[in-house]
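This report describes a two-chain model in terms of fold, contact between the chains, and selected residues. The sequence and structure come first, followed by the conventions.

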Amino acid sequence: MMARRLEPLLPIVGVVALLAIWWLATFNQWVDPVLLPSPGVAFGSFWKGINDGTLGFDFVKTIYRTGFATLIAAVIAIPLGIILGAAERLYRSLEFVIDFFRSTPASAMFPLFLVLFGVGDETKISVAAFGAILVILFNVAYGVMNARKTRLLAAKVMGASRMRVLFDVMLLESLPQTFVGLRNGVSLALVIIVVAEMFIGSQDGLGHSVFEAQQLFDMPRMYAAIFAAGALGYALNLLFILAERSFVHWGGK
Amino acid sequence: MTAAVTQHAIRQETPAVPSSPAVGGAGKRPHVTIRGLSKRFDKAVIYDKFDLDIPRGELITVFGPNGCGKSTLINMIAGLIPLDAGEILFDGMQLKDIKFGYVFQNYREALFPWLRAFDNIAYPLKMMKVPAAERKARTEKLVEFLGVKLDLHKYPYQMSGGQQQLVSIMRSLVIEPEILFLDEPFSALDYEMTLFMREQLQRLFMQTKMTTVLVSHDLEEAVYLADRVLLLSRYPAEVADFVRYDGAWPRTDETLSDPEFIRTKSHCLEVFQREVRR
């Protein structure tokens, strides 16, 4: 009875355990306190960063870049994915190229994009968008191609034209898979943006904050920035899951 | 060889069977005429110069060995699968010139889960470019006509299997079709629902007397619901028999013990077994 009521608290167990081990490790000085400050010190730095606005500013910058990159990727990849998915022969002929670049680490494209766009925000955003486009495109196209055959036949038998079938059936059928693509796309965009902020002439952003704190040996601030990046990634994922639930109410049913 | 000739030949071998008047007899023109229909999948010849007349205003059930092409037949008539050769005419007209309804076995995949039941039912009217207000009126009229007590504001996935199939049948009826095709419409339902749906279908048929072609994998159901049972042979499919059953509508539990029903059923079984062993 008691156990049943405590069940919703289960996810907290892992968090508490992690904090306990961290605290024990610093309290007993198993690790050099300079490399690993106590949880209290690290969260103190996080709190300070939020309050004086420095961490918050970096946080917003990273959100802006990741969001912009994902938006560009979605605007390009979703219509393209639908077209490619609806014309399966076209997709098959481009499949190798898409898979090849999807498998290429986007970070390997930095030098090329630096040449094209210089060291500004454009480079970071466009590399992230490039990575996300391929992930979203691939998922949308497969979502369209895997539309239930019976549903397509049902629309056809009711006299729907090819265009109608595309918009009334294929598009909606592909939505769950499109959201999978968007979720993977935004995660990848965040990874690329954070890496770019570290190494490509950045003055701000969470990646820059982590890197700078490490250079200055300000370990509490570094952990604070890492934590902020983790929280951002988690929140973005959650946001897309919630969006999917309200858009694709029939998903999984 | 026409269907009528085939029937005649078989009838002579089995004189105990109630005689089935040839389709198109007594001055009634057949609704659907199939001539020289051929279809093959890879190397398997499913139909080879197949001829059939489907009478108007009757409920025809199609029964035959597994994989003989029962569903293929109605799918070709309804234009879901192209023919390799042959011609199918409806009162001399092409499929595109008539209104027909089609009910899939898999209602879960045939309905649109993103539309409420009501909008699912009204969808074919949208394809016919009927204005929104009239779509609503016609759908409401159909609901009233059928006396369906369902919350049509629900989404399909919020409904039971039987309710979903009922919605799917209503969707096929909203355009007021001249002919209705059903591909094993009840085989994904539990038994209780199947009985209920058979009743619903009978009521509908009695009210409209619409030409209806229903594929079944259950011989008892095939006879129970039929004016005529179309028995197909193994592929390449031919008409093994086209058996008439004149039991009074609606068919009830008593139908099952009607001597005529039992005789027709055992005759169908006999034909079926002969075809399976062949």
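## Conventions

Helices (H or I, at least four residues) and strands (E, at least two) are DSSP runs, numbered from the N terminus. The model is predicted: local features need pLDDT of at least 70, side-chain atom pairs count only at pLDDT 80 or more, and totals for chains, interfaces and linings use all residues. Residues are numbered from 1 along each chain as its sequence is written, while chains are lettered from A and ligands numbered from 1 in the order in which they are written.

## Chain A: fold and dimensions

Chain A contains 12 helices and 0 strands. Read from the N terminus, its elements run α-α-α-α-α-α-α-α-α-α-α-α.

The radius of gyration of chain A is 23 Å, whereas a compact globule of 253 residues would have one near 18 Å. This radius is taken over C-alpha atoms, and the globule rule is 2.2 Å times the number of residues to the power 0.38. Along the principal axes, the C-alpha atoms of chain A fill a box of roughly 75 × 65 × 30 Å.

Buried residues make up 38% of the 253 in chain A. A residue is buried if 20 or more other C-beta atoms lie within 10 Å of its own, exposed if 12 or fewer, and partly exposed in between, with C-beta atoms placed from the backbone. Two residues are in contact if their C-beta atoms, placed in that way, lie within 7 Å. Of the contacts in chain A with a separation of 6 or more, 73% join residues 24 or more positions apart.

The predictor's confidence in each residue is given as pLDDT, from 0 to 100. Its mean over chain A is 90, and 99% of the residues reach 70 or more. Among the elements of chain A, helix H1 (residues 2-6) has the lowest mean pLDDT (76), and helix H10 (residues 175-199) has the highest (94).

## Contact between chains A and B

The contact involves 13 residues from chain A and 16 residues from chain B. On the chain A side, helix H8 (149-157) and helix H9 (162-173) each supply at least two residues. The largest share of that side, 5 residues, comes from H8(A).

By class, the side of chain A that touches chain B has 7 nonpolar, 2 polar and 4 charged residues. Ala, Val, Leu, Ile, Met, Phe, Trp, Tyr, Cys and Pro count as nonpolar, Asp, Glu, Lys and Arg as charged, and the others, Gly among them, as polar.

## A buried strand residue in chain B

B:Val62 belongs to strand S3 (residues 59-63) of chain B. It counts as buried because it has 27 C-beta neighbours inside 10 Å. Leaving aside residues up to four places away in sequence, B:Val62 touches B:Lys70, B:Leu73, B:Ile74, B:Val213, B:Val215, B:Ser216, B:Leu230 and B:Leu232.

## Backbone exceptions

Most residues other than glycine have a negative phi, and most peptide bonds are trans. A:Phe217 has a positive phi, near 60°. This residue lies in the loop between helix H11 (206-215) and helix H12 (219-247) of chain A. A:Phe217 counts as exposed because it has 10 C-beta neighbours inside 10 Å.

In chain B, phi of B:Lys49 is also positive, near 50°. B:Lys49 is part of strand S2 (residues 44-54) and is partly exposed, with 13 other C-beta atoms within 10 Å. The peptide bond from B:Trp249 to B:Pro250 is cis, with omega near -5°. B:Pro250 sits in the loop between strand S9 (239-244) and helix H9 (259-277) of chain B.
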